[in-house]
Structures are given as structure tokens and as C-alpha cells.
Amino acid sequence: YFSRYIRLKHSLNGKCTCFTCGLITDIKECDNGHWQKREHKATRYHENNCRRQCKTCNGDTKHNGKQLEFREHLVNEIGEKMVNKVELLARSTFHVNTKFFRDTSDYYRVKVNEMQKKLKVKYW
């Protein structure tokens, strides 16, 4: 649900523009890209760490997920200070358990349903 929320939040009329290359795709055809990799648990579900990406950019292992472009665009969007906070948070210790995942899923399921009702769309 978090991935759906990020894509829905950053879409327009069911289309997403890739955060790193600008390719426009259908909302169901793009990914939720992470600037700080998903292995960093403290930022895995952090909204300032995630944006929509096309499958090519998100899966681009040759260029490490286009992290340089991702960071540059993120600085332009939320500012250097916030980006630095996300970087620090990614390096922190963060313990998760089943309750955390359940609560996060429940929270974003509600947010996705609310946004779809507000926008009068049903993508999922």
C-alpha cells in the first residue's frame, strides 16, 4: 500500500512521470523508487525517500538505480536540509517487527482508499 500511495500521490490523471528520467507511464507500470535503498529500514517507508520511477531507472543496477539523479531532483523538490536528514536517518538503527509492518500497511491502505475516493478513480 505504501508503494501505491507514493505512485498515486505523485501521479496526474493515472500517469506518472519518472522522477529520474522523465518518462511518462501508466500508474500501474511505474515503481516506487527508493533513493536510500530499501535495506535501510529507517527510510524504507519514509515518504521523503521515495518517488515514482520507471521500471528501467528503478531496476538500473548498472547505474545504481540512478541515485545521483534521484538525489539532485530530491534536493530541488524538498531542499538540501531535508535530503541530509534522510541520509542521516538511513544510517540509523531501526528495529521493526510484525506490528510495525501491519500498522504501516493499515495506515497506507486507508490513505490510498481516501485518495482514490477524492480523485474519483480506482486503480487497484
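Tutor: Buried means under 20% relative accessible area, and this is a predicted model.

Student: Which residues of helix 1 are buried?

Tutor: Helix 1 spans residues 2–9, and what covers its buried residues includes strand 1 (11–12), strand 2 (15–17), strand 4 (31–34), helix 2 (41–44), strand 5 (50–53) and helix 6 (98–119). The buried residues of helix 1 are Phe-2, Tyr-5, Ile-6, Arg-7 and Leu-8.

Student: Is helix 1 roughly parallel or roughly antiparallel to helix 6?

Tutor: Two packed helices are described by the angle between their axes and the distance between the axes. Here the axes of helix 1 and helix 6 come within 8 Å and cross at roughly 30°. Because angles under 35 degrees count as roughly parallel, helix 1 is, relative to helix 6, roughly parallel.

Student: How many nonpolar, polar and charged residues make the contact of helix 1 with helix 6?

Tutor: On the side of helix 1, the contact is made by Phe-2, Arg-4, Tyr-5, Leu-8 and Lys-9, while helix 6 brings Tyr-108, Lys-111, Val-112, Met-115, Gln-116 and Leu-119. These residues divide into 7 nonpolar, 1 polar and 3 charged.

Student: Is Asp-60 buried or exposed?

Tutor: Asp-60 lies in the loop between helix 3 (55–58) and helix 4 (67–78), and, leaving aside neighbours within four places in sequence, Asp-60 is in contact with Gly-65 and Lys-66. Its relative accessible area is 15%, and since the cut-off for burial is under 20%, Asp-60 is buried.

Notes
Residues are numbered from 1 along each chain as its sequence is written. This is a predicted model: local features need pLDDT of at least 70, side-chain atom pairs count only at pLDDT 80 or more; totals for chains, interfaces and linings use all residues. Side-chain values use heavy atoms; hydrogens and water are left out. Buried means under 20% relative accessible area, exposed over 50%, partly exposed in between (1.4 Å probe, protein chains only). Helices (H or I, at least four residues) and strands (E, at least two) are DSSP runs, numbered from the N terminus. Contact means heavy atoms within 4.5 Å. Axes are lines fitted to C-alpha atoms, for helices over the stretch in contact, and angles run from 0 to 180 degrees between N-to-C directions. Angles under 35 degrees count as roughly parallel, over 145 as roughly antiparallel, 65 to 115 as roughly perpendicular and the rest as oblique. Ala, Val, Leu, Ile, Met, Phe, Trp, Tyr, Cys and Pro count as nonpolar, Asp, Glu, Lys and Arg as charged, and the others, Gly among them, as polar.
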